[in-house]
Amino acid sequence: EDFNVKNVTISRVADEWFISFKREVNEKQFIIPDIEKKPTVGVDLGIKTLAKISNGQEFSNVKAFKRFKRKLKIAQRVVSKRFNKNNKKQSNNYKKAKNKVAKIHQRITNIRKDATHKLTTYLAKNHSVVKIEDLNVQGMMKNHKLSGAIADGGFYEFRRQLEYKTKWYGSNLVIIDKFFPSSKMCSCCGKVKEKLKLSERIYNCEHCELSIDRDLNAAINIKNY
């Protein structure tokens, strides 16, 4: 197939070279036939799990940074030891150590992207409407106990991918107001709790006596919004 190449970019990550480019395509070729007949789904992004879906499906958080945290720390320590502050030209051993750190960072990024791409593609291809919350990620990142896990989940990237993939496949993305009490509201009777601790993983409604997984309850509320 012949096509015109635009905006060629060559980049280097660790010791690997990559080339990327743009080309014009017919957007309609990606649209899934009869996608408007597919179900609507609510998605609750989490920390312990990457996402809980309103149909009951759960997608695990790969926690790439957590998995490689110790390995990265050791590699960074080696870089620090081999750095010669009195010499502008660093040794080959220093360059090798620095390259190893870059490779670990790239590995973490690739694992995150792979998990996010698989989930967002599944959601955009198999549902007519995908609903997610407009999360206040910047505010959440201020919580030092949760910031690492939030960054590991890649919330920004999740939304970015859904935005363009729903356009590709002909589905619709609906962003729910961040002040909507999806976690505190009962998905059965609609009553809203005044307080709900983060440690409470089961949602128990005092009004209608519903007992349900907290994240599933939130996902159902997001779907029904």
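## Terms and ground rules

Two strands count as paired if DSSP finds at least two bridges between them. Helices (H or I, at least four residues) and strands (E, at least two) are DSSP runs, numbered from the N terminus.

A word on the source: this is a predicted model, where local features need pLDDT of at least 70 and side-chain atom pairs count only at pLDDT 80 or more, while totals for chains, interfaces and linings use all residues. Residues are numbered from 1 along each chain as its sequence is written, and side-chain values use heavy atoms, with hydrogens and water left out.

## The chain as a whole

You will find six helices and nine strands in the chain. Its radius of gyration, taken over C-alpha atoms, is 22 Å, well over the 17 Å from the globule rule (2.2 Å times the number of residues to the power 0.38) for 225 residues, so the chain is more spread out than a compact globule. The C-alpha trace spans about 70 × 50 × 25 Å along its principal axes.

Of the 225 residues, 33% are buried, meaning under 20% relative accessible area with a 1.4 Å probe, protein chains only.

## A closer look at strand S6

Strand S6 (residues 129-133) is mostly covered, with five of its five residues buried. In a regular strand, side chains alternate between the two faces of the sheet. Here Val129, Lys131 and Glu133 point one way from S6, and Val130 and Ile132 point the other way.

S6 has parallel partners: it pairs with strand S7 (residues 172-176) over five bridges, and with strand S3 (residues 40-45) over four. Glu133 stands opposite Ile176 in S7, and Lys131 in S6 stands opposite Gly42.

Terms used
Buried means under 20% relative accessible area, exposed over 50%, partly exposed in between (1.4 Å probe, protein chains only).
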